[in-house]
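This report covers the voids of one structure and the packing of some of its helices.

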Amino acid sequence: MKQLYRKNEILFAIVWIVIYVVGAGVADGLSESIGIKGSITTGFLLALSLFALRFIHRQRLYHHYGLCGPDAKASRFLYYVPLIIIVSSNFWFGVGMTMPLMDTIFTMAAMVLVGFVEEVIFRGFLFRAMEKEGVTMAIVVSSLTFGIGHIINLISGNLALVPALCQVCYAAAAGFLFVIILYRGGSLWPCVLTHSALNALSVFSLEAAAGEGALILTSLIHCAIALGYALVLMKTLPKK
């Protein structure tokens, strides 16, 4: 990986995306086959996270990829209140146990790790690689790639058409917000924590049972908050 990174950083990022998407898909299938959802997936994502951290540590790239504190005070980020509102959307339509206990535990663990892995890959590896060629294009590609990548949930049959399209839209908006937080704020941790919390707490969300109207409404609110917050940060945080 070190030689690939030094030779072609964009190809390095693409290889990571492929490994993550294919590996997670296979792990999900194996988890289903043994009857405990998320079990094998958690192990795969943990191994991938540790491997990524090992690479970043050896190359001393913590600051480059934003695995450090933010450059600005919390007040400059509006105390992250918009991110808290986004995470709270899991509770807007009620909460409950939607899966057996073991499935819930492993799925939550997998979702936490997904937040870390996806932020490191899409906001870290991919955005930083493309940033050298142009910041605007890097932001657009990182955001859209992250959003469109969620169409895999439709292809795999995990989500129906409307929920999948809603997920693609608000994932792209969230991707735009997260890349702005990293680029202007210097830290990936707010993105990782928000992404992981949003994913993990979705295990208890009853939004899907509320119907397609609830999904569309939540998606629109997510997009409005994410895009609005990103524009505010672009105006208030110092330019790089």
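Helix 8, helix 9 and helix 10 each supply at least two residues of the lining of the largest cavity. Helices here are DSSP runs (H or I, at least four residues), numbered from the N terminus. The model is a predicted one: local features need pLDDT of at least 70, side-chain atom pairs count only at pLDDT 80 or more, and totals for chains, interfaces and linings use all residues. Residue numbers start from 1 along each chain as its sequence is written, and side-chain values use heavy atoms, with hydrogens and water left out.

**Cavity and pocket**

Searching the whole structure gives 1 cavity of 30 Å³ or more. On a 1 Å grid over the protein atoms alone, a cavity is a set of points where a 1.4 Å probe fits but cannot get out; a pocket is an open set with protein on both sides within 12 Å along at least five of seven lines, and lining residues have an atom within 4 Å of a point. Points are joined across faces, edges and corners, and a volume is the space filled by probe spheres set on them.

The largest cavity has a volume of about 70 Å³. Its lining consists of I86, Y170, A174, F178, T194, L198, H222, C223 and A226. By class these are 7 nonpolar, 2 polar and no charged, where Ala, Val, Leu, Ile, Met, Phe, Trp, Tyr, Cys and Pro count as nonpolar, Asp, Glu, Lys and Arg as charged, and the others, Gly among them, as polar.

The largest pocket has a volume of about 1,800 Å³. It is lined by 49 residues, of which M111, N153, L159, Q167 and S202 are the closest to its centre. Two or more lining residues come from each of helix 2 (9-34), helix 3 (39-58), helix 5, helix 6 (135-148), helix 7 (152-155), helix 8 (161-185), helix 9 and helix 10 (212-236). Helix 2 gives the most, with 8 residues. The pocket lining has 23 nonpolar, 21 polar and 5 charged residues.

**Helix packing**

Axes are lines fitted to C-alpha atoms, for helices over the stretch in contact, and angles run from 0 to 180 degrees between N-to-C directions. Contact means heavy atoms within 4.5 Å.

| Helix pair | Angle | Axis separation |
|---|---|---|
| Helix 5 (residues 101-131) and helix 9 (residues 189-201) | about 150° | 8 Å |
| Helix 5 and helix 6 | about 150° | 8 Å |
| Helix 4 (residues 81-88) and helix 10 | roughly 165° | within 10 Å |

P82, L83, I85 and I86 of helix 4 meet H222, I225, A226 and Y229 of helix 10. This contact has 7 nonpolar, 1 polar and no charged residues.

Helix 5 passes helix 9 in a right-handed crossing. On helix 5 the contact uses M108, M111, V112, V114, G115, F116, E118 and E119, and on helix 9 W189, C191, V192, H195, S196, N199 and A200. The classes here are 9 nonpolar, 4 polar and 2 charged.

The crossing of helix 5 with helix 6 is also right-handed. E118, F122, R123, L126, F127, M130 and E131 of helix 5 touch V135, M137, A138, I139, V141, S142, T145 and F146 of helix 6. That contact counts 10 nonpolar, 2 polar and 3 charged residues.

Methods
Left-handed = near helix turned anticlockwise from the far one by under 90°.
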